[in-house]
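I opened this model to look up how the chain is folded, and I kept these notes in the order in which I went through it.

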Amino acid sequence: MKIGIIGAGNIGGNLTRRLTSLGHDVSVANSRGPHTLTALAEETGATPVTVAEAARGAEVVVVTVPLKNVPDLPSGLFDGAAEGFAVIDTGNYYPGRDGKIEAIENGLTESRWTEQHIGHPVIKAFNGTYAEDILDKPLPAGDPGRIALPVAGDDETAKATVRDLIDALGFDTVDAGGIDESWRQQPDTPVYGLRAGTAEVTRALAEASPERPETFRA
């Protein structure tokens, strides 16, 4: 599968490492330019590209940049992506880093806000995952110790693609509903950062409150 990754921080870098190890054709970009990704490219075999090039031909595009940088992504970002491509949004709203985003403070889910800026539906996944777990915690399907990740999105076909990809990475998934329900996996909810199986993750999603916690308000 051809995969584009926009953002080469902890999550983006480790997804690059794992996805290339599984044989996927990965292009990776960051805001500083391809020349800063030489070491990651040499380590993984991924192709360093500009942000504007990252989605070309991609069947899956991972957007893993700070929320404050989402509006700065180039227009036409997905021009040339494969038909029916899926976008994974790993982002979280951290007011101390991102500044005050009024729409999110007023109740819009973080991923719906991202969708509005990039102009394409997203599948919310990996936002509460520890980056090191992507490398250290994968287990075969059926292993009782396998971690489950919540996955939210409105496009059922794209969601299935992402869930299959996560399964291949060594994790179970739990359908967390649509993007308007994705507050259930935002920061400081019971499932955020939870290292547990499907039953515990399902229970944590059900226990979430739609009220944004004060610790994640500007």
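I took helices (H or I, at least four residues) and strands (E, at least two) as DSSP runs, numbered from the N terminus. With that in hand I looked up P74, which lies in the loop between strand 4 and strand 5 (86-89). Before going on I noted that this is a predicted model, in which local features need pLDDT of at least 70 and side-chain atom pairs count only at pLDDT 80 or more, while totals for chains, interfaces and linings use all residues. I also noted that residues are numbered from 1 along each chain as its sequence is written, and that side-chain values use heavy atoms, with hydrogens and water left out.

I counted 8 helices and 8 strands in the protein chain. The radius of gyration is 16 Å, close to the 17 Å that the globule rule gives for 218 residues, so the chain is as compact as a globular protein of that length; the radius is taken over C-alpha atoms, and the rule is 2.2 Å times the number of residues to the power 0.38. The C-alpha trace spans about 45 × 40 × 30 Å along its principal axes. Of the 218 residues, 52% count as buried. Among contacts between residues at least 6 apart in sequence, 68% join residues at least 24 apart.

In what order do the 8 strands stand in the open sheet? I read the order as 3-2-1-4-5-6-7-8, with mixed pairing, where two strands pair if DSSP finds at least two bridges between them. Strand 3 (47-48) and strand 8 (172-175) stand at the edges, and because each has a single partner strand, one side of each is left without a neighbour in the sheet.

I then followed the pairs from strand 4 onward. Strand 4 and strand 5 pair in the parallel sense over 4 bridges, and V60 stands opposite A86 in strand 5. Strand 5 and strand 6 are also parallel, over 2 bridges, with I123 in strand 6 as the bridge partner of I88. Strand 6 (residues 123-124) and strand 7 (residues 148-153) run antiparallel and are joined by 2 bridges, and here K124 has A152 as its bridge partner. Strand 7 and strand 8 are parallel over 4 bridges, with V151 partnered by D175 in strand 8.

Is strand 7 enclosed or open to the outside? I found 6 of its 6 residues buried, so strand 7 is largely enclosed by the rest of the structure. Both of its faces are covered, with A148, P150 and A152 buried on one side and L149, V151 and G153 buried on the other. Strand 5 likewise has both faces covered, with A86 and I88 on one side and V87 and D89 on the other, all buried.

In helix 8 (residues 198-207) I listed V201, A204 and L205 as buried. Seen down the helix axis, the buried residues fall within an arc of 100°, so they line one face of helix 8; the arc is that of the directions from the helix axis to the C-beta atoms. These buried residues pack against strand 7 and strand 8, whereas the face turned away from the buried side carries the exposed residues A206 and E207.

F126, in the loop between strand 6 and helix 6 (131-136), has a positive phi of about 70° although it is not a glycine. Its relative accessibility is 4%, so F126 counts as buried. D188, in the loop between strand 8 and helix 8, is another residue other than glycine with a positive phi, near 75°. With a relative accessible area of 45%, D188 is partly exposed.

Notes: Buried means under 20% relative accessible area, exposed over 50%, partly exposed in between (1.4 Å probe, protein chains only). Contact means heavy atoms within 4.5 Å.
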